[in-house]
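Reader: I'd like a close look at one part of this model, with the numbers attached. Could you take me through it in one go?

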Amino acid sequence: MEIGSQNEEVVAYNSSTAKKARLQATLSALLDDPILFDVPRKPTLVDVDTLINMELGSAMKVTVVKMDAASFDVTVFNSATLKDLKSAISKKINEVEQAQMGHRFISWRHVWNNFCLSHQNEKLIDDKSLLAAFGIRNNSKVNFTPCVISRLFRKHSRRRKHRFFHGLSKKS
């Protein structure tokens with residue numbers, strides 16, 4: 001009886017392997033279809049959900065033009081904020097860099113401190129603003145531009161302790 005059960009396990013293993021192979025073949029055939037050209041090679045659930053929402057009209061494609069005139073597309077929801085767009089841009093660039101060069105770290109904090117996005121010569125600075133407020137719609141273009149944010153916008157302030165003791169050190 002043990003020999004028969006071992007044979008059943010081997011058949012079950014082979015059938016699951018065969019199922020996985022058939023699934024991979026079907027998936028690769030689907031992804032080679034010209035209608036599905038915008039689906040990534042290894043799609044995640046979020047990628048597929050975003051593409052479905054784009055087809056339904058609740059998401060939009062935004063073209064990002066880099067400073068070297070190269071461009072790429074990102075997809076965000078119609079109700080997205082500038083912060084969501086920046087997140088989509090960083091995710092897209094990280095995926096491209098990972099695919100081309102392997103592991104490479106980009107300091108996005110440094111990028112967003114020195115560069116900003118602009119749309120129709122208007123700098124997009126407030127991360128909490130909706131993209132629709134800037135006039136960004138489906139198939140709009142945004143550009144990377146050098147940007148120096150003033151101290152007043154960032155609202156740098158000294159800690160109270162330093163301000164308090166600073167006043168005491170002056171000679172009367």
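Is Asp73 buried, exposed or partly exposed, and what is its relative accessible area? Please carry on from there to whatever connects with it.

Author: Bear in mind that this is a predicted model. Asp73 is partly exposed, because its relative accessible area is 36%, which falls between the 20% cut-off for buried and the 50% cut-off for exposed.

Now for its partner. Asp73 makes a salt bridge with Lys61, and the closest N and O atoms are 4.0 Å apart. Asp73 sits in strand 2 and Lys61 in strand 1 (residues 59-65), so the pair ties together parts that are twelve residues apart in sequence. Lys61 also counts as partly exposed, at 26% relative accessibility.

How many salt bridges are there in the structure? There are two. The other one joins the side chains of Asp127 and Lys86, at 2.9 Å from N to O. Here the link is between distant parts of the chain: Asp127 is in the loop between strand 4 (122-124) and strand 5 (140-146), while Lys86 belongs to helix 3, 41 residues apart. As for cover, Asp127 is partly exposed at 29% relative accessibility, whereas Lys86 is buried, with a relative accessible area of 11%.

Strand 2 and helix 3 turn up again if you go looking for pockets. The second largest pocket holds about 440 Å³ of space. It is lined by 16 residues, and the closest to its centre are Lys66, Phe72, Ile93, Glu97 and Trp108. The elements that give two or more residues to this lining are strand 2 (71-77), helix 3 (82-101) and helix 4 (108-114). Helix 3 provides the largest share, with five residues. If you sort the lining by class, you get nine nonpolar, six charged and one polar residue. So much for the pocket.

Val48, Ile52 and Leu56 make a nonpolar patch of about 280 Å². Val48 is part of helix 2 (residues 45-56), and at 34% relative accessibility it counts as partly exposed. That is enough for a place in the patch, because patch residues need over 30% relative accessible area.

Terms used:
Residues numbered from 1 in each chain as written. Predicted model: local features only at pLDDT ≥ 70, side-chain atom pairs only at ≥ 80, totals over all residues. Heavy atoms only, no water. Patch = residues over 30% accessible without salt bridge, like charges linked within 9 Å, V, L, I, M, F, W, Y side chains within 5 Å. Areas by Shrake-Rupley, 256 points an atom, 1.4 Å probe, with all protein chains shown as cover. Helix = DSSP H or I, 4+ residues; strand = E, 2+ residues; numbered from the N terminus. Buried < 20%, exposed > 50% of the residue type's maximum accessible area, 1.4 Å probe, protein only. 1 Å grid on protein atoms, 1.4 Å probe; cavity = no way out; pocket = protein on both sides within 12 Å on 5 of 7 lines; lining within 4 Å. Points joined across faces, edges and corners; volume = space filled by probe spheres on them. Nonpolar A, V, L, I, M, F, W, Y, C, P; charged D, E, K, R; others polar.
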